[in-house]
Amino acid sequence: MLDFRMDTFLAVCRHRNYTRAAEELNITQPAVTQHIQYLQSYYGVKLFSYQNKRLALTEEGELLRNAALCMLHDEEKLKRDVKDLRLGRRSIRFGATLTIGEYLLPERLAAYMKRNPRVDVHMLVENTQILLRMINDGELDFAVVEGYFRKSEYDYIIWSQEPYVCVCAAAHPLAQAAPRPLSALFGENLILRNQGSGSRDVLERVLEERNHHVGDFRHIVEISDLFVIKELVKADCGITFLYRKAVEKELAEGSLCQVALTDFQISHEFTFLWRKNSAFEAELRETSRALWTP
């Protein structure tokens with residue numbers, strides 16, 4: 001069982017503020033200070049320091065945070081597993097980002113469920129950042145994501161490298177145009193996922209590497225749903241960037257076309273991940289293998 005003072009420590013890590021941590025935990029600020037002082041005394045290190053008047057983790061504090069998050073994740077999973085054992089069942093609880101959840105996993109998950117009919121499956125489709133937070137909080141055993149994550153905090157298995165492309169309506173002039181640089185598209189309306197989405201992160205990072213920003217496009221339309229994004233692009237309301245896996249059907253039938261670009265040949269990893277150093281690593285690796293097997 002995770003020590004209550006470790007819960008306080010993780011709350012301070014989240015907020016980087018003693019007062020907000022106290023409010024979240026419904027305890028007094030002096031109690032928060034006392035808990036942190038106890039941990040610092042117990043481990044013989046300083047866990048926080050102030051940088052530019054903002055509370056920051058020390059190197060030792062970061063090490064403790066990662067260990068505490070792993071313990072929290074494993075404790076919550078263990079509680080679920082013990083309950084399942086008592087009820088004579090087994091379950092997996094995981095998350096997937098939108099492209100993976102809608103276009104990669106269904107066929108593989110169906111095969112897994114047929115091979116494992118007694119396993120209860122709980123899958124949540126959300127953006128990368130929310131899934132990482134839920135893993136940290138122990139709400140999910142693992143996740144399959146397309147977005148960026150801190151590899152120092154998670155163990156992971158790369159499932160695939162997926163092409164990331166720009167598409168437009170079949171009637172759009174870009175559909176039959178000669179290849180052009182990415183910057184030549186800035187006069188177009190850009191339709192993209194909301195912030196926190198893995199597919200949006202890929203585009204933002206590519207633009208940032210070239211000293212550009214999504215705001216360089218003529219207009220920005222943010223939509224959380226991939227189906228709606230594709231329908232708007234089909235209606236020639238703008239262009240979008242997403243994984244080819246999400247538009248294979250539309251490209252094949254000709255309702256969408258890939259925009260030819262001279263300087264945009266991008267692929268990105270689809271990754272199965274869990275908290276680093278988990279006691280359940282062997283089980284999670286086996287689950288990854290079982291899910292990836294068609």
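This briefing describes salt bridges and a nonpolar surface patch in one protein structure. The structure is a predicted model, in which local features need pLDDT of at least 70 and side-chain atom pairs count only at pLDDT 80 or more, while totals for chains, interfaces and linings use all residues. Residues are numbered from 1 along each chain as its sequence is written, and side-chain values use heavy atoms, with hydrogens and water left out. The count of salt bridges (a side-chain nitrogen of Lys or Arg within 4 Å of a carboxyl oxygen of Asp or Glu) comes to 24.

**Salt bridges within a helix**

- Glu-62 and Arg-65 form a salt bridge through their side chains, with an N to O distance of 3.2 Å.
- Both residues lie in helix 4 (residues 59-87), three residues apart, and are therefore separated by about one helical turn. Helices are DSSP runs of H or I with at least four residues, numbered from the N terminus.
- Arg-65 has a relative accessibility of 15% and so counts as buried; the term buried means under 20% relative accessible area, exposed means over 50%, and partly exposed lies in between (1.4 Å probe, protein chains only).
- In helix 10 (residues 281-292), Glu-281 and Arg-285 are four residues apart, which places about one helical turn between them. The closest N and O atoms of their salt bridge are 2.9 Å apart.
- Glu-281 is partly exposed at 28% relative accessible area, and Arg-285 is partly exposed at 37%.

- The side chains of Lys-230 and Glu-250 meet in a salt bridge with an N to O distance of 3.0 Å.
- This pair links distant parts of the chain, 20 residues apart: Lys-230 belongs to helix 8 (residues 226-234) and Glu-250 to helix 9 (residues 248-253).
- Lys-230 is buried, with a relative accessible area of 5%, and Glu-250 is buried, with 7%.

**A salt-bridge network**

- Salt bridges link Glu-62, Arg-65, Arg-150, Glu-153 and Arg-275 in a network.

**A nonpolar surface patch**

- Tyr-38, Tyr-42 and Tyr-43 make up a nonpolar patch on the surface, with about 350 Å² of accessible area together.
- Patches consist of residues with over 30% relative accessible area and no salt bridge, like charges being joined within 9 Å and nonpolar side chains (Val, Leu, Ile, Met, Phe, Trp, Tyr) within 5 Å.
- Accessible areas come from the Shrake-Rupley method with a 1.4 Å probe, and for residues only the protein chains shown count as cover.
- Tyr-38 is located in helix 3 (residues 29-43) and, at 37% relative accessibility, counts as partly exposed.

Conventions. Helices (H or I, at least four residues) and strands (E, at least two) are DSSP runs, numbered from the N terminus.
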